[in-house]
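Open the model in your viewer and keep the selection panel at hand. The stops below go from core to rings to charges.

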Amino acid sequence: MADITTNLLQQLDSLPDALLDVSPQDLYQILPTPTLLHLKGKQNNTLFISVMLHGNETTGLLAVQSLLKKYQSKMLPRNVSIFFGNVQAAREGQRRLDGQADFNRIWPGTEYAANDETRMAQQIVDVMADHDLFASVDIHNNTGLNPHYGCINRLDPAYQQLATLFARFVVYFTSPKGVQSAAFAEICPAVTLECGRPDQTYGVKHAFDFIDSCLNLAELPKTPVHPQDIDLFHTVAQVKVKQDIRFSFDDIAVPLLLDRDLEKMNFFEVPAGTAIGRVDNITQLPVEARDEYGEDVSERFFELHNQELLFKRPTMPSMMTLNERVIKQDCLCYLMERLQG
């Protein structure tokens, strides 16, 4: 394959100089545009890996660099294709740049209107559909206190087996739309790895160990995961602060003052009546919860009482964060319920 650049996407079939040691912030100097790198291995089926869909989530790049260094002087166990995503946001250390599409919302099924990014994502799926895919792995970080966990978009045994190779916590979700794992779940077992905060070195090692194992597996088991080996949850709602509501963790003058201990609730089943913030001069809920069908379920999960914003029913949050920019660009949290494995 010759080097090809089509719209945003560059495709390569050899390692660029300095890729193995470049920092996430300087990645754009080696790969100035989103890049799909194809490398040959002993087995012809292909492991697809996507990294840096969010520019501030660096664990995937570091894990892939470690993997490629391991096999620098020997052949990879199977073919590998790696997508390096939002290199320009990585330059700034941001999830995405202002005015830029979220690179984990642009994939087939997206709610974005067609644009260069959505066409690029469709092109990647089309290219990889011809590669006899073994599995797809999308590597992420999160900003709050969360355990390491895997996310899947189908409940088939092979998908659960893939996820539990990474962690016993597995989250099944069908919303938001346009995520990488959901697009690839249509053509092969696919998982999103949530590797904790990007500054935690254990996340890099955990992701490295996982993708190295995937390279060396003969096949994925297709038998159901034993119930004692999985904690399976279903995302039932995404929660956002309403756009017209000013919020803060520190400024007491805003309409919604969020609790600084929010992220400690992640992956804990919190009881009804738990407060997540205080409100001032607000009579309507300042947050909006939507289920996987896009229906507003805010009144089911939240209520106002004595100037506090409370959970109305027992629930389990995930991805609670203290990062106000991430809350504005993405969401406040997700709400989950337990499923039988």
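Which residues does Phe184 touch, not counting residues up to four places away in sequence? Select Phe184 and look around its side chain. The contacts in this predicted model are Phe48, Trp107, Ile124, Val125, Met128, Leu133, Ser136 and Ala190.

Now widen the view. Phe184 is among the residues with the most contacts inside the largest nonpolar core, along with Phe84, Trp107 and Ile124. That core has 73 residues. Colour helix H7, residues 201-216, next: its seven residues are the largest share of this core.

Go on to the rings. The whole structure holds nine aromatic pairs. Show Phe83 and Trp107, an edge-to-face pair. Their centres are 6.0 Å apart, with 85° between the planes. Trace the chain between them: Phe83 sits in strand S5 (residues 76-84), and Trp107 in the loop between helix H3 (87-92) and helix H4 (116-128). The two are 24 residues apart, and the pair links distant parts of the chain.

Finish with two charges over rings. Select Arg91 and Tyr28: the charged end of Arg91 sits over the Tyr28 ring, 4.0 Å from its centre. Then select Arg313 and Phe301. Here the charged end of Arg313 sits over the Phe301 ring, 5.3 Å from its centre.

Note on methods
Residues numbered from 1 in each chain as written. Predicted model: local features only at pLDDT ≥ 70, side-chain atom pairs only at ≥ 80, totals over all residues. Heavy atoms only, no water. Core = buried A, V, L, I, M, F, W, Y, C linked by side-chain atoms within 4.5 Å. Buried < 20%, exposed > 50% of the residue type's maximum accessible area, 1.4 Å probe, protein only. Helix = DSSP H or I, 4+ residues; strand = E, 2+ residues; numbered from the N terminus. Contact = heavy atoms within 4.5 Å. Phe/Tyr/Trp six-rings, centres within 6.5 Å; stacked < 30°, edge-to-face > 60°. Lys NZ or Arg CZ within 6 Å of the ring centre and 35° of its normal.
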